[in-house]
Structures are given as structure tokens and as C-alpha cells.
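My notebook for this one is open. I'll write down each thing as I look it up.

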Amino acid sequence: PAPGTANRRTYGSKNVRGDTGLSRFLVAGECGHCPAGLSGDIGTLATGRPSGRPVSGTVAAPASPHYIRAVTSTPLPDPHVRVAAAPGSGGLVDRHGRVATDLRVSLTDRCNLRCSYCMPPEGLDWLPKVEVLTDDEVVRLVRIGVERLGIHEVRFTGGEPLLRPGLVGIVAATTALRPRPEVSLTTNAIGLARVAPALAGAGLDRINVSLDTLDRDRFKALTHRDRLDDVLAGLRAARDAGLTPVKVNAVLMRGRNEADAVPLLEFCLRNGYQLRFIEQMPIDSNHAWTRGEMVTAEDILEQLSARWTLTPDGEERGSAPAERWLVDGGPATVGVIASVTRSFCGACDRTRLTADGQVRNCLFAREESDLRTALRTGATDDEIAGLWRAATLGKLPGHGIDDPSFLQPSRPMSAIGG
């Protein structure tokens with residue numbers, strides 16, 4: 001159907017009515033940022049960088065005669081043209097017109113859980129401490145992003161960010177920046193009951209908590225830790241500290257916890273939390289992900305609609321990754337992030353910074369751009385901002401999961417930051 005066409009769809013025994021233009025951001029101009037649009041199957045897109053000189057600070061990839069095929073006939077600019085702009089000017093704009101204003105910062109690759117879709121029970125080889133950015137280095141890069149590059153939202157992630165000793169100070173320094181960015185945190189909530197008041201005092205705006213089941217035995221099987229009570233206590237502490245809306249992120253896996261969709265939503269509705277289901281993505285450490293075993297957005301909606309009536313939330317989605325649905329007419333909502341089956345790459349506004357100071361344009365990127373070396377060898381803020389802009393030019397039009405040549409990134413999720 002054409003973008004914006006309202007059709008009736010049936011999930012289970014209930015009807016869901018709304019906009020079926022789920023791929024509207026892949027249509028020319030629809031996202032408001034892409035001048036050429038991203039129409040066409042992502043599977044047909046080229047995966048290499050444009051030909052030309054490698055950008056300083058960026059790992060070079062094999063040259064390709066076309067950066068993106070069948071999208072635009074307009075020659076793409078040489079990246080050095082943009083980098084040569086006046087110092088301090090310009091934001092993080094990629095070759096397809098998307099502007100990155102949302103910064104995800106991984107504070108550590110370490111975690112105190114062993115979620116099966118993220119890392120093995122024995123854990124991983126952690127980054128050496130000398131390679132991890134110091135607190136001052138993190139704050140400096142965030143400041144450059146906010147003051148020089150137009151970042152207006154910062155989310156701290158991990159690994160598990162609560163394991164970072166200087167977390168509260170980093171949050172306080174970030175909320176003191178002007179213009180003040182919105183600052184949030186994604187966590188497994190272990191230890192949050194203790195630190196939530198301090199985070200609120202530092203100015204943290206809200207919390208996202210990862211929770212995939214309410215069943216104690218399944219929680220232990222999924223995470224290899226018996227810590228469900230700590231997670232639930234952390235959720236309550238975040239709500240009591242005013243870190244709202246408290247959002248709960250859940251990943252369902254076939255044969256493991258797919259039966260938890262309804263109990264999780266009942267729990268969140270009862271406690272005033274906002275639940276978002278996330279399709280499992282190919283970013284596990286052992287590369288065992290298969291699309292056939294993934295619980296899809298359609299599967300999730302079918303389960304939920306057997307219990308509630310779901311109608312699309314009329315609020316403009318913008319670049320938000322979650323499709324939101326009103327539950328029994330609202331005001332409560334549930335979100336579904338269909339990263340795999342309903343990609344939203346055309347509206348992406350994110351840039352990512354790993355715990356060791358590498359810029360990544362996408363969770364699935366196989367290239368990184370090094371800012372840590374520049375930090376530690378005397379580069380000015382303007383020079384670092386220039387490197388960051390140049391790195392952003394290499395952002396691909398989509399994650400390419402549907403492309404037969406797709407390869408998972410070498411880093412697992414814990415080392416990238418969600």
C-alpha cells in the first residue's frame with residue numbers, strides 16, 4: 001500500500017487498524033531528512049565505502065564504484081569538502097541527508113549478567129583498562145558532540161553502565177552542558193536501587209531497564225544469574241526517584257521466553273512502566289542468530305492482541321525506533337522495535353561511541369573511527385569534531401541484514417553499547 005494508507009490488519013482474534021506505511025522512511029523524502037530517499041530493497045545496496053581517499057582517523061574499506069545504487073544520479077561529495085568547512089561549523093550529516101543528534105555512549109564493555117543473546121556464560125575478554133576512556137575523556141567527547149556537533153540527546157549504555165565507578169559524575173557533567181541535552185541510561189538495574197537517588201540528583205532524566213522475563217527460573221536460565229529481585233527493586237527505585245518514564249526493554253526468543261509477552265505487559269501496565277519489545281538482532285557474541293528462530297514483531301503483536309485491543313498511537317514517530325500502540329484505547333502504550341523485519345534506517349539519527357573511544361555509525365557497522373588517539377595526542381576540540389564529521393559521512397543507507405553478503409560485526413553488543 002502507498003505510504004499513509006490506512007488498512008485493517010488482524011492479529012489473533014482482535015483487529016488492529018492504522019497506518020500500514022511501515023516502510024515510509026524508505027520512500028523518497030518521507031523521513032524529511034533524505035533528499036534522495038532510500039527507495040528500493042536494502043538487499044540491493046552496495047556495502048563498500050565510496051571510492052576516493054580514506055578519511056583521516058577512519059579504517060579504510062575496499063573502494064566501491066557506487067556507494068548506493070539506484071537511488072541517486074547526483075555525484076556524491078568528496079568527504080574532504082565537508083571536513084574543510086570553517087572550524088566549529090556543521091553537525092553530523094551523512095551522505096544521505098540524515099543528521100545524527102542522538103549520541104549513545106558505552107561506558108564499559110563489562111556486565112554482571114550473561115544474557116544468552118549477548119555473551120557466553122563465561123563472559124568475554126574485557127577491554128584492558130588503559131584502552132577504556134577516562135571519565136574526563138568521556139565528558140570531553142560528549143561536550144564536543146553537544147557544543148559543536150548538534151547532539152541534543154545522550155544515552156549512557158554498556159555493557160552495564162552501573163559498573164562504571166564515575167557514572168554519577170559523568171551524568172552530572174553532561175547535564176551541566178549548554179545547551180542541555182536530554183540524558184538517559186540503559187541498564188539491567190542491578191544496583192540501581194542503591195544509586196537511583198544519586199543519579200536523579202545528578203540530573204538524569206530517565207531510565208531504560210532490560211528485563212526479558214518475570215519468571216525466576218527463566219530469568220536465571222537466560223542470564224546465568226539469580227538476580228531477578230534486584231532488577232525489580234531497581235525498577236521501583238527508578239520510579240520512586242522520578243526517573244520517568246521508566247521504560248522496560250524486552251527481547252523474546254523462540255523456545256526460551258516467547259510466552260512472556262503478555263505477563264510482561266500486564267506487569268508494566270500495573271506499575272506504570274512503558275514496555276518495548278525488541279526483535280532479537282544478529283549481534284550475539286557467538287554469532288548463532290538465525291532469522292528463522294527470531295520472534296518477530298508480527299508474532300509479538302499477535303500474542304498481545306489476543307489479550308488487548310491495540311490501535312496505533314497517533315503521535316508522530318519521527319526518528320523513534322519503536323512503533324507504539326495504544327492498549328485498549330490508551331493512555332497506556334506498548335512499543336515494538338522491529339529492527340530486523342521493519343527497519344527504520346532511513347530515519348536514523350544516532351551516532352555511537354564505544355568505551356574505548358571509537359565512533360560507530362550503526363550497531364551493525366564493521367568500520368570504526370578512532371577518536372581516542374586524537375584525544376591522547378593533543379588534538380583540539382575542532383580537530384576532533386572534524387574527525388567525527390568525517391566518520392559520519394561513511395554511514396551506510398541501511399544495516400543490510402537482508403543482504404546475502406551481510407556479516408555480523410566483530411564486536412558483540414556488550415562491547416558496542418545499545
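Started with Ala 385. It is buried, with a relative accessible area of 0%; buried means under 20% relative accessible area, exposed over 50% and partly exposed in between, using a 1.4 Å probe and protein chains only. Before going on, I noted that this is a predicted model, where local features need pLDDT of at least 70, side-chain atom pairs count only at pLDDT 80 or more, and totals for chains, interfaces and linings use all residues. Residues are numbered from 1 along each chain as its sequence is written, and side-chain values use heavy atoms, with hydrogens and water left out.

Where does Ala 385 sit? I found it in helix α10 (residues 381-392). Helices (H or I, at least four residues) and strands (E, at least two) are DSSP runs, numbered from the N terminus. Leaving aside neighbours within four places in sequence, Ala 385 is in contact with Ile 144, Arg 148 and Leu 149; contact means heavy atoms within 4.5 Å. I also looked up Leu 141: it is 244 residues from Ala 385 in sequence, yet 8.8 Å away in space, C-alpha to C-alpha.

Next, Glu 137, which has its place in helix α2 (residues 135-149). Is Glu 137 buried or exposed? Buried, at a relative accessible area of 13%. Not counting residues up to four places away in sequence, Glu 137 touches Val 132, Leu 375 and Arg 376.

Then the sheet. I traced an open one of twelve strands with mixed pairing, in the order β13-β14-β15-β12-β11-β10-β9-β8-β7-β16-β17-β18. β13 (310-312) and β18 (369-370) stand at the edges with a single partner strand each, so one side of each has no neighbour in the sheet. Two strands pair if DSSP finds at least two bridges between them.

I followed a few of the pairings:
- β8 (residues 153-157) and β9 run parallel, joined by four bridges; Glu 153 has Glu 182 in β9 as its bridge partner.
- β9 and β10 are also parallel, with four bridges, and Thr 186 stands opposite Asn 208 in β10.
- β10 and β11 (residues 247-251) pair in the parallel sense over three bridges, with Val 209 opposite Val 248 in β11.

β10 has four of its five residues buried, so it is largely enclosed by the rest of the structure.

Helix α4 came next. β9, α4 and β10 make a right-handed β-α-β unit: with the strands pointing away from the viewer, the path from the first strand over the helix to the second runs clockwise. Which residues of α4 (residues 192-201) are buried? They are Leu 192, Val 195, Ala 196 and Leu 199. These cover an arc of only 130 degrees around the axis, which puts them on the same side of α4; the arc is that of the directions from the helix axis to the C-beta atoms. On the other side, Arg 194, Pro 197 and Gly 201 are exposed. The buried residues of α4 pack against α3 (167-175), β9 (182-187), β10 (206-210) and α6 (228-240). After α4 comes Gly 203, with a positive phi near 105 degrees.

Last stop, the core. The largest nonpolar core has 88 residues, and Phe 156, Leu 192, Leu 211, Phe 277 and Leu 304 touch the most other members. Such a core is a set of buried Ala, Val, Leu, Ile, Met, Phe, Trp, Tyr and Cys residues joined through side-chain atoms within 4.5 Å. Leaving aside neighbours within four places in sequence, I listed the contacts of Leu 304, among them Phe 277, Leu 310 and Val 334.
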